[in-house]
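Colleague: Could you take one part of this model and go through it closely, with the cut-offs stated as you go? I would like to follow the charged side chains and what surrounds them.

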Amino acid sequence: MPILRHIEIKHFRAIDHLSWHVKPGLNCIIGPGDSGKSTVLDAIELVLTERQNARFSDADFHNLDVSEPIEITATFGELPPRI
């Protein structure tokens, strides 16, 4: 089973820049409302879901600044052998 090792998010919704080295085992995202917890989960979903075209609106850009691109990078480990 693939395991998320690292995720980096730039200019996505409430997150200007996040670099998170995910620890083995259970990880919890804790914080007050509107602090970006769901944004982190949405970013992980975007990199895990096979999509032909991901649609973004101006509201998906950090501070509505569409001049900076949204970047989501994920590193996975323990990938299954290719069949």
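Modeller: Asp42 is partly exposed, with a relative accessible area of 26%, where buried means under 20% relative accessible area, exposed over 50% and partly exposed in between, computed with a 1.4 Å probe and protein chains only. The model is a predicted one, in which local features need pLDDT of at least 70 and side-chain atom pairs count only at pLDDT 80 or more, while totals for chains, interfaces and linings use all residues. Residues are numbered from 1 along each chain as its sequence is written, and side-chain values use heavy atoms, with hydrogens and water left out.

The side chain of Asp42 meets that of Arg13 in a salt bridge, at 2.5 Å from N to O; a salt bridge here is a side-chain nitrogen of Lys or Arg within 4 Å of a carboxyl oxygen of Asp or Glu. This pair links distant parts of the chain, since Arg13 sits in the loop between E1 and E2 and Asp42 in helix H1, 29 residues apart. Helices (H or I, at least four residues) and strands (E, at least two) are DSSP runs, numbered from the N terminus.

Arg13 itself counts as partly exposed, because its relative accessibility is 29%. Arg13 also forms a salt bridge with Asp60, at 2.9 Å from N to O, and here the link runs from the loop between E1 and E2 to the loop between H1 and E3, the two residues being 47 apart. Asp60, with a relative accessible area of 11%, is buried, whereas Asp42 is partly exposed. Taken together, Arg13, Asp42 and Asp60 are linked in a network of salt bridges.

Strand E1 (residues 3-12) and strand E2 (residues 15-21) pair in the antiparallel sense over 6 bridges, two strands being counted as paired if DSSP finds at least two bridges between them. Within this pairing, Ile9 has Leu18 of E2 as its bridge partner.

Leaving aside neighbours within four places in sequence, Ile70 is in contact with Lys10, His11, Phe12, Phe56, Asp60 and Phe61, contact meaning heavy atoms within 4.5 Å. For one of these, Phe56, the separation from Ile70 is 14 residues in sequence and 9.4 Å in space, C-alpha to C-alpha.

By the salt-bridge rule, the count comes to 4. One of them joins Arg5 and Glu78, whose closest N and O atoms are 3.0 Å apart. Arg5 lies in strand E1 and Glu78 in the segment after E3, so this pair ties together parts that are 73 residues apart in sequence. Arg5 counts as partly exposed at 31% relative accessibility, and Glu78 counts as exposed at 51%.

As for the setting of these pairs, the chain has 1 helix and 3 strands, which run β-β-α-β from the N terminus on. Buried residues make up 20% of its 83 residues, and among contacts between residues at least 6 apart in sequence, 63% join residues at least 24 apart.
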